[in-house]
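A short report follows the display.

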Amino acid sequence: MMKNQGSRALLCICITIVAYLTFMLTVVVGAPTPITTRLGDWVIEGDGFAIYDIKTDTQYLYLIGSDASRNQWRIEKRRIADGSLEPSFGNGGVVLTKKSAFGSASAYSVEIDGEFMYVAGYSMGYPDPCGRIEKRRLTDGSLIWSGGDELCLKIYYDIAIDSNYMYVVGTRKSGGSNAYAIIEKRRLSDGALVTSFGSSGVVEYQYYSGYQPVNILLGVVIDDHYIYAVGTTGFSSFKYGLVMKRDIHTGESAGEQRGIDLGEYNNLIADSEFIYVVGYVNQGSGDYAWAIERRTKNLSYATGFGQVVSNPSSGQDIANALLIDGNSLYVAGNDMGSGLRWRIEKRRAGDGALDSSFGEGGFMVIDVGEGGGSAFTIAKKGNCIYVGGTPWRAQSICLANFIYMPLVLRNY
Ligand SMILES: [Ca+2]
């Protein structure tokens, strides 16, 4: 009996001490310390013209875009830890594709699976561009196959993959203009078109027609049943954002929205319930503002927030890319205020409000030097995000996180 009473007394003392410590720590720490943001451990710059997409796996970043001369693709594999090139990939960490004989060339989008990368873009032909897709091995960058647009009329802007297929979006030229928005479904194994989709593997879409129409898809995501793609439709002097939903097997339309605002949609992501779309809305008089939209999978504006407009300057501010992480959205683009600079915003996915714990009240502006530039892609791994754009530059931005300790104690 005495022994049990002694244990109980000890237990009581222990509980009291833990409770006291918890109380003291809560008092000392106060409200949870806001997450603070710092520039990450490394920045790389200067090797090419533009980085248009970055993907991550456990240890590496894969960066794609155009080389300094802007007439061939540049693909890099870098270590996440320090940003250094991985020497076993390509030539010292870099793959440069064959130069275009007719002008510009650029890779715009990359997707990776456990073993391969799938890169989409174009290489200028004569007189029109040739859409191009390459499948390469992640370990060494070796080419498995390349293919795409044999007729040389297309530009591919974005690519999504599932376990067997790729879905590539872009535009087909006609009469010198970006006349048709396109979606192609191809096999990952050999790049062949899947003929049961659309017309022999291709969906072509034209809302505005006539003299020099613009119909382009710039971003694509998929779920198990549908393809969601965004872009623009109109003419060069007035363009409207375009959102399309298509059956993933047949390519048949399952919905469509043409934005109420003048502007363009540049990219999108999806979670289980919503799609999130970014681009710009044209405010008139040369003033563009970021547009960040949340739509249901029926493409209508979601309740909570449908559209947020962010206008950091009176110039042409454009949002280019985004990612979702838990309940947060990170959006990357440019800020035309006092020159062209990268801008990154962190917003709450539920209501679209800026998350004031990030950067300067919810956003960061990065001066990328003379000549300026824009952020075109954003990826995340652990507590760091990786942003790439023009000029050729990849920047790590890390969240120094002091929030966990008091929260863990409060859970007790
Ligand atoms: Ca503006």
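## Strand pairing in the predicted model

Of the contacts in the chain with a separation of 6 or more, 48% are between residues 24 or more positions apart; two residues are in contact if their C-beta atoms, placed from the backbone, lie within 7 Å. This is a predicted model, in which local features need pLDDT of at least 70 and side-chain atom pairs count only at pLDDT 80 or more, while totals for chains, interfaces and linings use all residues. Residues are numbered from 1 along each chain as its sequence is written.

The chain holds 2 helices and 27 strands, where helices (H or I, at least four residues) and strands (E, at least two) are DSSP runs numbered from the N terminus. Of its 412 residues, 43% are buried. A residue is buried if 20 or more other C-beta atoms lie within 10 Å of its own, with C-beta atoms placed from the backbone.

Strand β3 (residues 60-67) is mostly covered, with 8 of its 8 residues buried. Strand β3 pairs in the antiparallel sense with β2 and with β4; two strands pair if DSSP finds at least two bridges between them. A hairpin of 3 residues joins β2 to β3. Between β3 and β4 the hairpin has 5 residues, and R70 in that turn has a positive phi of about 70°. I54 stands opposite L63 in β3, and Y62 has K77 in β4 as its bridge partner.

| Strand pair | Bridges |
|---|---|
| β2 (residues 48-56) and β3 | 7 bridges |
| β3 and β4 (residues 73-79) | 7 bridges |
| β7 (residues 116-124) and β8 (residues 129-137) | 9 bridges |
| β17 (residues 253-270) and β18 (residues 274-282) | 7 bridges |

An open sheet of 4 strands runs in the order β6-β7-β8-β9 with antiparallel pairing. Its edge strands, β6 (105-112) and β9 (143-148), each pair on one side only. Neighbouring strands of this sheet are turned by 20° against each other on average, direction ignored; axes are lines fitted to C-alpha atoms, and angles run from 0 to 180 degrees between N-to-C directions. M124 has P129 in β8 as its bridge partner.

Another open sheet has 7 strands in the order β14-β15-β16-β17-β18-β19-β20, again with antiparallel pairing. At its edges stand β14 (213-222) and β20 (307-310), each with a single partner strand, so one side of each has no neighbour in the sheet. The twist from one strand to the next averages 20°. N267 stands opposite V278 in β18.

Key: Buried ≥ 20, exposed ≤ 12 C-beta atoms within 10 Å, placed from the backbone.
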